[in-house]
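Take a moment with the model before reading on. Let us walk through a few places in it, one by one.

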Amino acid sequence: MNDLNTRKKQGVRAVRHRLGKVQIPVALGMTVVWMLLFDGFQPRTESLGIALLGFTVSVAIMMVFPLPPIVPGFRFWPVQGVRMFFYVLVKMAVASFQVTAQVFRPGPPVKSSVVSVRLRTDSDLMLVCTAITVSVIPGSVIVEVAQPEHVLYVHVLGAESEAEAEKAKEDILELEERIVRALGTRENIAELEAAQAAGKGNT
């Protein structure tokens with residue numbers, strides 16, 4: 001009986017230890033990706049269930065496969081976070097209409113370009129956040145991520161000219177800025193502003 005109680009206590013301690021490894025901000029980020037994959041942001045009754053299921057799956061994954069702590073992590077800036085959210089929402093809506101128009105446009109097939117964008121912060125977390133957000137916007141797909149240069153290679157649908165490719169780069173840099181100002185640390189923001197002052201950005 002004592003052995004059974006000991007094993008139970010050890011099991012409870014093991015579960016608590018695993019739960020202690022769960023990083024809530026990362027779990028929330030994974031939940032957002034889950035909802036994007038399953039159209040969870042649509043105004044329907046299933047959306048709450050999709051969110052709860054996504055968070056549960058995220059926590060379970062992090063308990064089974066613990067991640068190393070994020071250093072230096074990130075800091076959420078509420079006002080900038082709201083601005084970033086609506087900015088991405090508008091970009092997704094506009095890009096959806098643009099991709100639909102390109103697909104059904106009569107004439108020759110739509111041409112595309114692969115653009116390279118050198119991000120202005122050296123934070124791996126900001127790199128990952130930017131890459132994920134770029135990927136969920138219709139018409140843009142991450143082809144490769146170059147480390148440690150922090151360069152994104154992005155396939156952009158409909159970027160047929162040099163001017164359109166440059167516009168795509170500017171949009172990605174604008175997206176990076178929104179993300180850094182919403183989720184970055186003070187050091188990340190200072191690094192971004194220093195790069196902007198120096199005119200850095202594209203490769």
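First, some ground rules. This is a predicted model, where local features need pLDDT of at least 70, side-chain atom pairs count only at pLDDT 80 or more, and totals for chains, interfaces and linings use all residues. Residues are numbered from 1 along each chain as its sequence is written, and side-chain values use heavy atoms, with hydrogens and water left out.

Now the helix pairs. Two packed helices are described by the angle between their axes and the distance between the axes. Axes are lines fitted to C-alpha atoms, for helices over the stretch in contact, and angles run from 0 to 180 degrees between N-to-C directions. Helices (H or I, at least four residues) and strands (E, at least two) are DSSP runs, numbered from the N terminus.

Start with helix α2 (residues 24–37) and helix α3 (residues 46–64). Their axes come within 8 Å and cross at roughly 130°. That makes α2 oblique to α3. Angles under 35 degrees count as roughly parallel, over 145 as roughly antiparallel, 65 to 115 as roughly perpendicular and the rest as oblique. The crossing of these two, α2 and α3, is right-handed; that word applies if the near helix is turned clockwise from the far one by less than a right angle, and left-handed if anticlockwise. Contact means heavy atoms within 4.5 Å. On the α2 side, the residues that meet α3 include Ile24, Leu28 and Trp34. On the α3 side, Ile50, Phe55 and Met62 are among them.

Move on to α5 and helix α6 (residues 162–183). They pack at an angle of about 130°, with their axes 10 Å apart. That makes α5 oblique to α6. Here too, α5 passes α6 in a right-handed crossing. Met126 and Cys129 are among the α5 residues in this contact, and Glu176 and Val180 among those of α6.

Where is threonine 121 found? It sits in the loop between β1 (112–118) and α5 (124–136). Threonine 121 is buried, with a relative accessible area of 1%. Buried means under 20%, exposed over 50%, partly exposed in between (1.4 Å probe, protein chains only). Leaving aside neighbours within four places in sequence, threonine 121 is in contact with residues including Met126, His150 and Glu176.

Glutamine 80 is partly exposed, with a relative accessible area of 24%. Glutamine 80 and arginine 178 are 98 residues apart in sequence, and 7.3 Å apart in space, C-alpha to C-alpha. Beyond its neighbours within four places in sequence, glutamine 80 is in contact with Arg181 and Ala182.
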